[in-house]
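Okay, thanks everyone. Let me put it up on the screen.

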Amino acid sequence: MTQRQAAHPALIALGAVGAVGVGAAVWGVGIERQLFTVREATTAALAPGSASLRVLHISDAHMAPWQHRKQRWLASLAALGPDLVVNTGDNLGHRDGLAGIRRALSPFEGIPGVFVHGSNDVHAPSARNPLKYFRGPSETPPEGGPGGLDTQAMDAFFTDELGWRSLNNTAFRTAVRGNDLEFIGVDDPHREWDDFETLRADISSLGAARMKSSRIAVAHAPYRRVLDGFIDLGADALFAGHTHGGQVCLPGFGALVANCDIPLKQAKGLSTWSHSGRTVPLNVSAGCGHSIYAPVRFACRPEATLLTLTARSA
């Protein structure tokens with residue numbers, strides 16, 4: 001057999017790697033990022049004797065006006081009949097993204113909901129070098145940077161039209177399905193907008209905690225300092241997003257980056273967080289979107305979570 005007749009083993013291997021790479025790119029860019037899914041889970045987090053609550057957790061839509069498939073899918077989730085919606089931010093992915101958010105979330109009008117901001121509810125995304133995420137969380141751009149978004153109009157849509165409540169460095173008490181709930185939350189920790197001093201003052205204004213109340217804590221980015229802070233404030237359940245579940249994951253391993261300091265194994269899904277002798281459920285959404293500058297998902301389908309909260313044993 002001549003050299004012309006037999007390909008060198010290294011060239012065969014290189015060709016195979018190239019073919020796998022092309023196939024993965026086609027899958028991640030062209031297919032998986034549109035494979036929206038609902039992850040269902042159940043955890044005991046409410047005060048003993050409470051009725052169960054079906055919580056729809058949505059996050060990181062990063063909505064652009066042309067993303068009609070994502071808009072239709074989000075709108076269809078209202079048919080699940082959740083008792084409560086928790087929105088952990090980064091709704092907007094384009095200067096005109098609010099039009100898409102309106103189409104996506106209008107069906108939730110009248111369903112109780114809470115929301116916090118991510119940075120992409122205030123500033124439009126910009127192109128990033130994805131390799132920098134392996135060095136640590138993305139750098140915070142200067143305030144007043146590129147691409148101001150109409151945060152005020154988005155908040156007005158959530159509060160005035162949908163009837164949701166903002167949890168940006170604030171707290172409030174309400175009843176949902178007969179359950180007495182206290183909600184606490186902070187503005188985006190990734191931009192260091194979280195203000196626990198203001199939050200603690202708001203909690204104090206609620207008065208003494210009621211015997212059968214449950215405290216639900218919400219933030220965009222699940223930094224350890226924030227999760228610990230929430231537990232110190234008596235949280236019974238924690239909700240966050242931001243990580244995109246790693247967005248591009250290694251099959252069989254999971255997330256390679258989380259864009260914050262949460263352990264990679266907890267970059268998405270339902271787990272628990274322990275601090276100061278207490279352990280509470282933590283749900284981190286992998287989110288349903290991506291930056292328009294990084295339109296890919298691999299081994300990490302876009303998701304929403306239907307999380308059923310049940311009563312703890314007495």
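So, Glu 303: its relative accessibility is 6%, so it counts as buried. What does Glu 303 pair with? A salt bridge joins it to Arg 39, with the closest N and O atoms 2.9 Å apart. That pair ties together distant parts of the chain, since Glu 303 is in strand 14 and Arg 39 in strand 1, 264 residues apart. Arg 39 is buried too, at 18% relative accessible area. Bear in mind this is a predicted model.

Next, Asp 236, which is buried at 13% relative accessibility. It sits in the loop between helix 6 and strand 9. Asp 236 forms a salt bridge with Arg 278, at 3.5 Å between the closest N and O atoms, and a salt bridge with Arg 312, at 3.5 Å, N to O. Arg 278 is partly exposed at 28%, and Arg 312 is partly exposed at 32%.

There's also a network of salt bridges linking Arg 173, Asp 180, Glu 182 and Arg 215. The count comes to eight salt bridges.

Now, Glu 32. It's buried but has no salt bridge: the nearest side chain of opposite charge, Arg 301, is 6.0 Å away. What does lie 3.3 Å from a polar atom of the Glu 32 side chain is the backbone nitrogen of Arg 301.

Last, the helices. Helix 2 and helix 3 pack at about 35°, axes 7 Å apart. Helix 2 brings His 68, Gln 71, Leu 74 and Ala 75 to the contact, and helix 3 brings Gly 100, Arg 103 and Ala 104. By type, that's three nonpolar, three polar and one charged.

Notes
Residues numbered from 1 in each chain as written. Predicted model: local features only at pLDDT ≥ 70, side-chain atom pairs only at ≥ 80, totals over all residues. Heavy atoms only, no water. Buried < 20%, exposed > 50% of the residue type's maximum accessible area, 1.4 Å probe, protein only. Lys, Arg positive; Asp, Glu negative; His and termini not counted. Salt bridge = Lys/Arg side-chain N within 4 Å of Asp/Glu carboxyl O. Polar contact = N/O pair within 3.5 Å; in protein donor to acceptor, adjacent residues only side chain to side chain. Axes fitted to C-alpha atoms, helices over the stretch in contact; angles between N-to-C directions. Helix = DSSP H or I, 4+ residues; strand = E, 2+ residues; numbered from the N terminus. Contact = heavy atoms within 4.5 Å. Nonpolar A, V, L, I, M, F, W, Y, C, P; charged D, E, K, R; others polar.
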